[in-house]
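Visitor: I would like to learn how to read the features of a model such as this one, going from a single pair of residues up to the contact between chains. Could we take them in turn, with the general idea placed beside the case at hand?

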Amino acid sequence: MSKTGHWSLRAKRIAIGGALYVGAVVLGLGSAWWVLKKAPWLNPSVEVGAWRANMHAGSQDAGLYTRATIAVNALLALGRDETMYFVANRDDAGEALRAQCNYRITGVPPQARWWSITAYAQDLFLFDAPNGHYSLNGSNATLDAAGTFALSTGPAEQAGTYWLPTSGPGALVLTLRLYNPAPALQAAPQSLVAPAVQKIGTCA
Amino acid sequence: MKNFTEHQRLWFYRVLSLLVTALLAHLLAVWAAPRAIMYVLMHGPMAQKMNMHNQAAFPEAVTAKSRTVVMPSPDMLYSVCAFDLHDGPVRVQAAPTLTNYWSIALYAANSDNFFVRNDRQTQGRAVDLWLVAASPTKAQKPVPAGAEVVVSPTLTGFLLMRVLTTDYQAEKAVLEPARRTLQCGQG
């Protein structure tokens, strides 16, 4: 082989090797992005009904993935002693929540000093709510004779419920926050009486 | 590996090194994500605009237009401070005399919540904390005797004060002066 041919082959090998290593880095970064952004609830420590929570959120005991997941999806979370966070991105039937569908969420007030259920869009920010309703909470929830609250989400208002308007083609994420949860609930998060999440009718 | 040819062995190590590279990139990204997000929160455009470096700042009430931090609670009125202990301790004071929930939470530069104090814990008393670095700094300044000291695991971090608001417009006249009792600055 001539000297020129030798160097040409060497350059080709270096280029292919470099491309492979760049590909490996992209694969590593892409998989990290997927784990943190697209599948952030892969490692819940508690699942109750449609709701999942990671009890190490905000904690100094959080592992590598929990810390990163919380930073990406729920930055500045508090520890479970102060606040417990439950997230639902599926209904009770296991179907992914979608903003263009209507849902009815019913339950009893959780054992906490104060609580709220908030609807978030796929980008984890609030929906534009013309009625100013962003959450149902311990202050504005009306309980029926059985002590049950009811709220609805979706493009259409449902009679007899507190309506959180949602819109757009993306996902819907519900967050249940419990401020100063009762010690018994802190000790046994799975004892939460999970609000039911049911799809109503067909999607827009 | 004894039965492999030199050529096969070479390819084995090439594939292995690619997998190790991908794994390291993955782990580095997962490790760096919270730190990078916190850095942007403390030093990014919003922080610059609000002038929150060792100083309390008071963002507007949360609405659908609030798009700085994901999952903002529409029921909390936030006040913030990006603390920096490089030049010595930072003193945090607040006296929001409110009957509803409020809290002051401190976050390390890796996003860990290392301290929280809420209204029930203060029992009506004002908050007065001296935030000091866990590791010695060039500018070690003394903290007054008897002061409540909180040790921060990192030299920089973020303070987030939450004040519960069930109807901001109706409560504004009470909540705004209450949260503006927050002070955060070099002691």
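Visitor: How confident is the prediction, and what average pLDDT does chain B have?

Guide: Chain B averages a pLDDT of 93, and 98% of the residues score at least 70. For the model, the scores are ipTM 0.87 and pTM 0.90.

Visitor: In what order do the strands of the sheet in chain B lie, and how do they pair?

Guide: The sheet is open and has 4 strands of chain B in the order β1-β7-β3-β4, with antiparallel pairing. At its edges stand β1 (76–84) and β4 (113–118) of chain B, and because each has a single partner strand, one side of each is left without a neighbour in the sheet. On average, and with direction ignored, neighbouring strands of this sheet are turned by 15° against each other.

Visitor: Which strand does β3 of chain B join, and through how many bridges?

Guide: Strand β3 (residues 102–108) of chain B is joined by 7 bridges to strand β7 (residues 156–164) of chain B, and the two run antiparallel.

Visitor: How should I think about the side chains of a strand, and how many residues of β1(B) are buried?

Guide: In general, the side chains of a regular strand alternate between the two faces of the sheet. As for β1(B), this strand is mostly covered, with 8 of its 9 residues buried.

Visitor: What is the order of the open sheet of 4 strands in chain A, and what is its pairing?

Guide: In chain A the order is β8-β7-β4-β10, and the pairing of this open sheet is mixed. Its edge strands are β8 (162–165) and β10 (196–200) of chain A, each of which pairs on one side only, and the twist from one strand to the next averages 25°. As one of its pairings, strand β7 (residues 149–154) of chain A is joined to β8(A) by 4 bridges, with the two strands running parallel; in β8(A), A:Trp163 is the bridge partner of A:Ser152.

Visitor: Let us turn to the backbone: what should I expect of phi, and where does A:Leu124 lie?

Guide: Most residues other than glycine have a negative phi. A:Leu124, although not a glycine, has a positive phi of about 70°, and its place is in the loop between β5 (112–121) and β6 (135–137) of chain A. Because 20 C-beta neighbours lie inside 10 Å, A:Leu124 counts as buried.

Visitor: And is B:Asn51 buried or exposed?

Guide: B:Asn51 is exposed, since 11 other C-beta atoms lie within 10 Å. It too is not a glycine, and has a positive phi of about 55°; B:Asn51 lies in the loop between α2 (45–50) and β1 of chain B.

Visitor: Where two helices pack against each other, what are the angle and the axis separation for α2 of chain A and α1 of chain B?

Guide: Helix α2 (residues 64–73) of chain A and helix α1 (residues 6–43) of chain B pack at an angle of about 40°, and their axes are 8 Å apart. The crossing of α2(A) and α1(B) is left-handed. Among the residues that make the contact are A:Leu64, A:Ala68 and A:Val72 of α2(A), together with B:Trp31, B:Pro34 and B:Ile37 of α1(B), and the residues of this contact divide into 10 nonpolar, no polar and 1 charged.

Visitor: How many residues does each chain bring to the contact between the chains?

Guide: Although the size of an interface is often given as the accessible area lost when the parts come together, here we can count residues: the contact takes 36 residues from chain B and 47 residues from chain A. On the side of chain B that touches chain A, at least two residues come from each of α1, β3, β4 and β7 of chain B, and α1(B) gives the most, with 13 residues. The residues on that side of chain B divide into 24 nonpolar, 9 polar and 3 charged.

Terms used:
Residues numbered from 1 in each chain as written. Chains lettered and ligands numbered in written order. Predicted model: local features only at pLDDT ≥ 70, side-chain atom pairs only at ≥ 80, totals over all residues. Pairing = 2+ DSSP bridges. Axes fitted to C-alpha atoms, helices over the stretch in contact; angles between N-to-C directions. Left-handed = near helix turned anticlockwise from the far one by under 90°. Contact = placed C-beta atoms within 7 Å. Nonpolar A, V, L, I, M, F, W, Y, C, P; charged D, E, K, R; others polar. pLDDT = per-residue confidence, 0-100. Buried ≥ 20, exposed ≤ 12 C-beta atoms within 10 Å, placed from the backbone.
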